[in-house]
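Hello,

Here is the structure we talked about handing over. Please look through it first; my notes follow below.

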Amino acid sequence: MNTIKLRKKLEEFFLEDLGELDISSSTIFGETTRGEAIIVAKEDGIFSGANIVEAGYSLFQSDLSVNLKKHDGEKLKKGDIIAEIEGPVGVILSGERVILNLMQRMSGIATLTNHAIKVLNSNTTRICDTRKTSPGLRMFEKYAVRCGGGFNHRFGLYDGVMIKDNHIAFAGSIMNAVKEVREKTGHMVKIEVEIETEKQLLEAIEAKADVIMFDNRSPEEVAKFVELTPNQIITEASGGIGFHNLADYRNTNVNYISLGMLTHSYKSLDISLNVK
């Protein structure tokens, strides 16, 4: 993750939680009481959020040390120590909730992504995310997908063209939409077209789309569409795909399957901070 953006986001989150000060910790412990704590996994999963612990506590003061025992992408077993922390007790406790909230969510996404990859069990198809992320948390959630072994789709509307059904309807055709984009963007911008029918697929191929996404298509339709698509065009399947049917897409040879559920239907991993 971008270090500068990470620190700014963390500052924003800490300000929301702390306000002027942590009344509980500051009145009980003041600024001189020191202590040790550990961050512990309370269930199995995939870890994501090592830089959250380090960058988060570094915002408070330098007189605090973090000793990471686990790194992003590593497997966690219930009871594993993720990090050891030593420093002012007030600082340890003031930063606890924001840091744990992010780590729990990121580790939950990494764990879900890793599970999806195992369910698909394909050497040819990659699992990727979508823009269906929590507002303000996209950077963290997409990083967590990578920690789980997945890949990122575009980060926003600014880093890739995706021509969807409404774009096509307003433009009049796939060809018109692609032509407009080609004329007004540089050669570094890729164009993806969302299609539902074979007729649309052939039009997207003729328009020389860089990526073609098969929307809400069955495994049989995806396999057929992949065969019709030239090798230089990247293929993607999306929509209506979940754990109930993900394995059915194993042999379709589609390049990517994008899953919104990775970042909108995950369960946070149970992680705690305990006094050592």
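Helix α5 (residues 138–147) is largely enclosed by the rest of the structure, because 8 of its 10 residues are buried. Buried means under 20% relative accessible area, with exposed over 50% and partly exposed in between (1.4 Å probe, protein chains only). Helices (H or I, at least four residues) and strands (E, at least two) are DSSP runs, numbered from the N terminus.

This is a predicted model: local features need pLDDT of at least 70, side-chain atom pairs count only at pLDDT 80 or more, and totals for chains, interfaces and linings use all residues. Residues are numbered from 1 along each chain as its sequence is written, and side-chain values use heavy atoms, with hydrogens and water left out.

The buried residues in α5 are M139, F140, E141, K142, Y143, A144, V145 and C147. They pack against α1 (3–18), β2 (45–46), α3 (50–58), α4 (89–120) and α10 (261–264). Contact here means heavy atoms within 4.5 Å. Just after α5, G149 takes a positive phi of about 100 degrees.

α3 is also largely enclosed by the rest of the structure, because 7 of its 9 residues are buried. These are A50, N51, I52, V53, A55, G56 and Y57.

**The sheet**

Four strands form an open sheet in the order β3-β5-β1-β12, with antiparallel pairing. Its edge strands, β3 (65–68) and β12 (271–275), each pair on one side only. Twist averages 20 degrees from one strand to the next. Two strands pair if DSSP finds at least two bridges between them. β1 (residues 34–41) and β5 (residues 81–88) are antiparallel over 7 bridges. I39 stands opposite A83 in β5.

Two helices lie across these strands. α4 lies across β1, β5 and β12, at about 160 degrees to β5. Axes are lines fitted to C-alpha atoms, for helices over the stretch in contact; angles run from 0 to 180 degrees between N-to-C directions.

**D80**

Where does D80 sit? It is in the loop between β4 (75–76) and β5. D80 and I38 are 42 residues apart in sequence and 10.0 Å apart in space, C-alpha to C-alpha. Leaving aside neighbours within four places in sequence, D80 is in contact with I39, V40, A41, K70 and K75. The D80 side chain reaches the backbone nitrogen of K77 at 2.8 Å.

Best wishes

Methods
Polar contact = N/O pair within 3.5 Å; in protein donor to acceptor, adjacent residues only side chain to side chain.
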